[in-house]
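Open the model in your viewer and keep the selection tool ready.

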Amino acid sequence: MTPVVPDAAQIERRLSQILQRDSANVGVGASMDRLTVMLTRSCELRCSYCFVAVTDDAHGQDAGPVETGIPRGDIAPATLNAAIDLLMRSSRPRLALQLFGGEPTRRWDVLSAGVTYAIEHPARAGRPLELLLTTNGVGLNGLVEGQAGRLAHLRAPEVVVELSWDGDVRGNRFRRGHLLTTEAVNASLEQQLPALIASGVQFFVNATLPPAAASEVEERYHWARSLGVPALQLNYATGMAWTPAQVEAYLVGLQRVLLHHHRDPGQMRLLNWQNGADPVPLCADVIIDVDGSILQMGGVFHEKRFPALRAAYARGDVRRAEAFAGLRIPLDQLWTLTEKTLSADEWAVFSDNVRLGAAVDLVVQFTRRRLGLDAKRAS
């Protein structure tokens, strides 16, 4: 089956639909509220496609309120609890909490206490809760001396681990070592993967491809299958300029992966079959920074690439917020606000990244329709 790439008009229509409907995950009509929390600014790696201002300065210290600039250090336990309290004040029937960084396992004490606090929170009132831990995997179990046994703590049914791992040594070349080498990270992850699979912890691998790796989508898919990875999400890097040729290579590669997986799924779930998510740069989620600041996700996620977004996306302080409802900005307003905030050159990169997300969504729709997997039609 020949891959079909959406044209510019189709992408614009899909983008318009996404903006008008608001977030499919946490928008006005959604049944879930989700909150992301930064546990630390520290990380063992310095990935070339990561635009979070990670630093090991003040690691191990509670970050206090910061009036201007980017905070350093780690979230205080009381601030994390205040963030969880805020989420639990949501009236929606489903909740999700993402623990982020930096590398959140570098503050395992805060992380493990926060997981317990969220699971046992009385205001949860029996509602379904997903706790997503985004990690580079270095601190999970046995990869750093003296940290064995962490996987046991993550077996709670609410916990899902998102393991950021981009491929073999070549595929992982954009994840640059800082406190340890890239080669050491990859070797350790490959060594520990069987134990992770056998542990009973729910996890998936998130492989990110920057523009320079646009033609490697199929390679990353087959790499994950060769290792017995149970679930995989292929993702494109944002904050970078993609050429038309790179966009086409990525979309064609993704469609080939979808077709291969349809013919032969093996034992691996391919999370890319799900469509309708927000285009990555325009994520509608709310995030709490280590100092307690509340922002739209991109205010932290892109703070080095688009620094003006931090102030524009500010939504208050978690210690003074009374209600979770009303914190997030609807996607159409976020789109307009972002265009007003960024320079022309920055907006060109940002908006093209969003259009790539809309194109990815269309590729999944096209493929599902051509395979007769559902009745949903692409626009």
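**Stop 1: the sheet**

Ten strands form an open sheet with mixed pairing, in the order E9-E8-E7-E5-E4-E3-E1-E10-E11-E12. Its edge strands, each pairing on one side only, are E9 (269-270) and E12 (314-317). Strands here are DSSP runs of at least two residues (E), helices runs of at least four (H or I), numbered from the N terminus. Two strands pair if DSSP finds at least two bridges between them.

Before moving on: this is a predicted model, where local features need pLDDT of at least 70 and side-chain atom pairs pLDDT 80 or more, while totals for chains, interfaces and linings use all residues. Residues are numbered from 1 along each chain as its sequence is written, and side-chain values use heavy atoms, without hydrogens and water.

Now select E5 (residues 159-164) and E7 (residues 202-209). They pair in the parallel sense over five bridges. Pick out glutamate 162: its bridge partner in E7 is phenylalanine 204.

**Stop 2: glutamate 44**

Go to the loop between E1 (32-38) and E2 (45-47), where glutamate 44 lies. Glutamate 44 is buried, at 5% relative accessible area. Buried means under 20%, exposed over 50%, and partly exposed in between (1.4 Å probe, protein chains only).

What does the side chain of glutamate 44 make a polar contact with? Show the side chain of asparagine 136, at 3.0 Å. A polar contact is a pair of N or O atoms within 3.5 Å; within protein, one must be able to donate a hydrogen and the other to accept it, and residues adjacent in sequence count only if both atoms are side-chain atoms. Beyond four places in sequence, glutamate 44 also touches residues including Glu103, Arg106 and His178. Contact means heavy atoms within 4.5 Å.

**Stop 3**

Select glycine 101 and glycine 102. A cis peptide bond joins them, with omega about 25 degrees. Glycine 102 sits in the loop between E3 (94-100) and H3 (108-119).

Next, aspartate 22, in the loop between H1 (8-21) and E1. Its phi is positive, about 70 degrees, although it is not a glycine. Aspartate 22 is buried, at 6% relative accessibility.

Then find alanine 58, in the loop between E2 and H2 (77-88). Phi of alanine 58 is also positive, near 70 degrees. Alanine 58 is partly exposed, at 26%.

**Stop 4: a cavity**

Finish with Val26, Asp33, Arg34, Ala284, Asp285, Val286, Phe324 and Arg328, which line the second largest cavity.

How values were computed:
1 Å grid on protein atoms, 1.4 Å probe; cavity = no way out; pocket = protein on both sides within 12 Å on 5 of 7 lines; lining within 4 Å.
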